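These are my notebook entries on a single structure. I record below what I looked up, one topic at a time.

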Amino acid sequence: MSDENRVMEFLQRVVADQAAAFAGVSTSLGVRLGLYEAMSGAGALSSEELAGRTGLVERYVREWLAAQVAGAYVVHDPRTDTYVLPDEHAAVLADSSLPTYVGGGFTMLKALHGAEEALADAYRNGGGVSWRDYGPELAEGVAAFFKPGYEAVLVQEWLPAMEGVEAKLRRGASVADVGCGFGHSTVLMAQAFPRSRFHGFDFHEPSVETARKLAEEEGVADRVTFEVAAADDFPGGGYDLVTFFDCLHDLGDPGAALRHTEKVLADDGSCLVVEPNVSAEPAENINPIGRSFASTSAVLCLPAAMSQGGPHALGNHPGPKALQTIAAEAGLLGWRLAVETPTNRVYDVRR
């Protein structure tokens with residue numbers, strides 16, 4: 001017989017989760033419509049003033065603000081009927097240049113909810129859901145989600161932790177960025193190491209087109225190229241560095257990608273693999289970061305891998321031993337944890 005106190009305790013938790021899920025759509029709207037950005041550093045604003053700043057309809061803005069106050073994202077002063085986004089909250093929701101920014105994660109929600117029927121069908125009948133089936137908001141949201149972290153640590157911490165790689169990049173190296181998406185990681189490396197040449201590869205053509213525009217805008221198109229290519233047959237060879245940023249686990253056949261990598265690496269080349277810092281043991285993921293990754297895996301990472309019909313369907317939390325075994329079978333026997341952060345593990349992989 002169930003314990004009534006435990007039932008009520010769990011009910012409160014689920015109701016809180018449900019409220020957060022409903023609120024997520026409003027948060028996504030706040031990001032997409034520039035509401036948080038308009039409030040950042042502006043001090044106290046009335047709903048009319050915020051509507052004027054954003055060009056939105058005041059009645060909707062007022063209702064959005066009420067939801068933000070209910071979630072304690074925005075502070076309301078009833079005496080003046082004005083609203084403030086605290087600077088600390090703006091660092092999380094308004095400024096995409098900061099490593100604390102997580103607004104991009106909310107803009108993925110439309111794509112994930114839109115794929116619910118396809119996901120239900122895959123759960124019932126097998127198969128998977130390809131990235132192309134989620135809609136353009138997925139690629140946009142994923143890029144926005146990862147960009148602040150890459151800007152904060154890729155050049156500053158991750159590459160220096162790779163044995164001998166930073167020195168090669170400064171002298172002039174050849175780099176393949178596999179699964180480059182919108183090209184943020186590729187462009188960041190190109191900006192930091194102007195003597196090197198960078199080649200971004202992704203199977204998603206719209207992402208590649210966006211990456212090319214980014215390279216032009218950032219003034220690195222002279223040393224960066226982007227091409228549509230799969231992870232297991234991207235062109236070129238003699239690469240000093242091949243990178244997989246948060247994408248190896250999404251592949252139906254990560255072994256094929258690593259076998260190809262082993263063939264195209266220079267004799268002393270390195271492979272940088274970035275993966276979520278999540279445990280293969282479900283009970284060890286009972287924390288906000290673990291829950292976020294595990295939940296995303298169930299509705300995105302695993303279905304994407306299943307859609308490719310490969311021998312593996314890892315999800316985003318297979319654990320380092322599983323990945324290390326696949327790499328060793330591909331001829332990449334060197335496997336070293338170079339950096340560990342609360343959200344990522346960065347591996348230095350080589351022959």
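This is a predicted model: local features need pLDDT of at least 70, side-chain atom pairs count only at pLDDT 80 or more; totals for chains, interfaces and linings use all residues.

I call a residue buried under 20% relative accessible area, exposed over 50% and partly exposed in between, using a 1.4 Å probe and protein chains only. Residues are numbered from 1 along each chain as its sequence is written, and side-chain values use heavy atoms, with hydrogens and water left out.

Entry: cysteines.
I looked for disulfides, taking one to be a pair of cysteine sulfur atoms within 2.5 Å. The structure holds zero. For Cys247, the closest cysteine sulfur is in Cys180, and 9.1 Å is too far for a bond. Cys301 is in no disulfide either, since its nearest cysteine sulfur, that of Cys247, is 11 Å away. I noted that Cys247 is buried at 12% relative accessibility and that Cys301 is buried at 6%.

Which loop holds Ala72? I found Ala72 between α4 (58-70) and β1 (75-77); helices (H or I, at least four residues) and strands (E, at least two) are DSSP runs, numbered from the N terminus. Ala72 has a positive phi of about 60° although it is not a glycine. I recorded Ala72 as exposed, at 52% relative accessible area. Asp246, also not a glycine, has a positive phi of about 50°. The loop that holds Asp246 runs between β6 (239-245) and α13 (254-264). Asp246 is buried, at 7%.

Entry: helix α13.
I then followed the chain into α13. Eight of its eleven residues are buried, so the helix is largely enclosed by the rest of the structure. Those buried residues are Pro254, Gly255, Ala256, Ala257, Leu258, His260, Thr261 and Val264. What do they pack against? I found β6, β7 and α15 (320-329) as the partners, with contact meaning heavy atoms within 4.5 Å.

Entry: Ser270.
Ser270 belongs to strand β7 (residues 265-276). Is Ser270 buried or exposed? Its relative accessibility is 0%, and I logged it as buried. The side chains of Ser270 and Arg350 are joined by a polar contact of 2.8 Å. By polar contact I mean a pair of N or O atoms within 3.5 Å; within protein, one must be able to donate a hydrogen and the other to accept it, and residues adjacent in sequence count only if both atoms are side-chain atoms. Leaving out residues up to four places away in sequence, I listed the residues that Ser270 touches, among them Met162, Asp240, Val242, Asp348 and Arg350.

Arg345 lies in strand β9 (residues 344-350) and is buried, with a relative accessible area of 16%. I found a polar contact of 3.5 Å between the side chains of Arg345 and Glu340. Beyond four places in sequence, Arg345 also touches residues including Glu275, Pro276, Val278, Pro320 and Leu337.

How many cavities of 30 Å³ or more does the whole structure contain? My search gave one. On a 1 Å grid over the protein atoms alone, a cavity is a set of points where a 1.4 Å probe fits but cannot get out, a pocket is an open set with protein on both sides within 12 Å along at least five of seven lines, and lining residues have an atom within 4 Å of a point. Grid points are joined across faces, edges and corners, and a volume is the space filled by probe spheres set on the points. The largest cavity holds about 60 Å³. Arg345 is one of its lining residues, which also include Glu275, His317, Leu323 and Tyr347. β7, α15 and β9 each supply at least two residues of this lining.

Entry: second largest pocket.
I noted a volume of about 340 Å³ for the second largest pocket. Its lining has 18 residues, and Val31, Ser96, Tyr101, Glu140 and Ala144 lie nearest the centre. At least two lining residues come from each of α1 (4-32), α2 (35-39) and α9 (136-161). α9 gives the most, with five residues.
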